[in-house]
Each structure stands twice: as structure tokens, then as C-alpha cells.
Amino acid sequence: SMTQLKEIVVKTDGSDTQQVVLPGAMFTREGYVQTGWSVSKTNNGTGVKYELNSVYDKAITANVNLYPYWTPIVYTVKFDGGVDGVGTAQEVEVAYNDTTDAPGAIFTRLGYTQIGWATTENSDTVEVELNGETPEVLGDITYYPVWLKNYYETTISVDSMDFGRTCVDYDSIASQEVTITNKSNVAIDIQLPSNPHFNVVVKSG
């Protein structure tokens, strides 16, 4: 958005350097702060900068147009473990409209593997890959781990019923409910006693 343009009239014959005091910040722009004045319309924190409220002491022999010197706002991108993640959170400062690289799997959780990052806790959808690039940063933002439940391959016999090589997920064991499936990604050995106090649930896939 823009405020009313301001014009400073200087009477000069061009023979002497003129002392002109530049105004302060007059304009706003999403994601940026006006920190000075520039002779370029398209600057984004680059090029020659004249400070706000400073003296413009160049020789004035013709009309001079100055434009806002824009400095990007710096935001915080945080990678947090949330309620369940064990590890140390990381923060990085990123300028508006820039991106940053996400870390790898920096958090652990018993019975789970971190597979990515999301902007909401306990999300099943990966928004940013491990070690991947984030979207453009438009404000402060926090990313949380996306968790994949581990499955453990084992042989289970309950009351003389042999289920053979099966797959048990960690949460079910922890809650004393054994879930048997036919998929796995981590192999370990689990031995259950005869007549165990477990509720055995059989899945076909």
C-alpha cells in the first residue's frame, strides 16, 4: 500500500551541492520494511541506499526520483518434536519469500520412525521431506514430525495355535493387544508365554 507521494522542491542553479533532508518511512509492502531510499524502483535490499531522515547531499541538476529501499522481514522456521518426539528442536531464520532446507530425522519416538515434516502435530501427510526444501516462508512457522508406526516380524504361538511368521505393531504390544498382520519393516524376535494375557487380533493384510 502507498501513502500520499511527497515532493520536495529545491531551487538550484546546479552549481552547488544541495542539503536536502529525506523523509522517513512512508510506504508499506507485505513481507518487507522500508529502511531507506533508492534510485531503483525494483530493489529488494540491494543497491545504493540512502538512509531514512538522512541528508541527500548530491548535486541536484535535474529532477531526482527516489523510491523505497525494501528490506525483507526475517521470520523463524522451527522444527519441533511435538508432544511425542524426543530430541532437540531446531530453529532457523529465513527472509520473507525465501526457502530453507529441513533437517533429517532429528527426533525419535518409541515404536515409530520419523518419515517427514508437517505443519500440524500427528499428521499422516508429509508436507516437507526429510532433508527437503520448505515452501517459501511467508511468516513464522513450525514443523512437526510425521510418524510411521513400526511393525515387528515374529513367530507367535497362542494356546498351541501357531500363527507362523507374522507381524506385530509396537503400540498393540504396549497396550497388551497383539495385532497380527502380514507386513513388516523391522525384524525382531518376540516370545509370548502360553496362555498369555493378551487379546489377539488377526488381520489379513
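E51 is partly exposed, with 44% relative accessible area; partly exposed is the range between buried (under 20%) and exposed (over 50%), taken with a 1.4 Å probe on protein chains only. The model is a predicted one, in which local features need pLDDT of at least 70 and side-chain atom pairs pLDDT 80 or more, while totals for chains, interfaces and linings use all residues. Residues are numbered from 1 along each chain as its sequence is written, and side-chain values use heavy atoms, without hydrogens and water.

**Salt bridges**

E51 forms a salt bridge with K49, at 3.9 Å from N to O. The term means a side-chain nitrogen of Lys or Arg within 4 Å of a carboxyl oxygen of Asp or Glu. By this rule there are 3 salt bridges, listed here.

| Pair | N to O distance |
|---|---|
| K49 and E51 | 3.9 Å |
| K78 and D80 | 3.5 Å |
| R109 and D84 | 3.6 Å |

R109 sits in the loop between strand 7 (90-95) and strand 8 (112-118), and D84 in the loop between strand 6 (74-79) and strand 7, so this pair ties together parts that are 25 residues apart in sequence. R109 is partly exposed at 22% relative accessible area, and D84 is partly exposed at 32%. K49 is also partly exposed, with 32%, as is K78, with 26%.

E51 belongs to strand 3 (50-51), which is an edge strand, as is strand 5 (67-72); each of the two pairs on one side only. The open sheet has 3 strands in the order 3-2-5, with antiparallel pairing. Strands here are DSSP runs (E, at least two residues), numbered from the N terminus, and two of them pair if DSSP finds at least two bridges between them. Strand 2 (residues 32-38) is joined to strand 5 by 6 bridges. Y32 has P72 of strand 5 as its bridge partner.

**The cavity**

A search of the whole structure gives 1 cavity of 30 Å³ or more. A cavity is a set of points on a 1 Å grid over the protein atoms alone where a 1.4 Å probe fits but cannot get out; lining residues have an atom within 4 Å of a point. The largest cavity has a volume of about 40 Å³, volume being the space filled by probe spheres set on the points. Its lining consists of G81, G82, V83, D84, E121, N122, Y144, P145 and W147. By class, the lining has 4 nonpolar, 3 polar and 2 charged residues, with Gly counted as polar.

Note on methods. Helix = DSSP H or I, 4+ residues; strand = E, 2+ residues; numbered from the N terminus. 1 Å grid on protein atoms, 1.4 Å probe; cavity = no way out; pocket = protein on both sides within 12 Å on 5 of 7 lines; lining within 4 Å.
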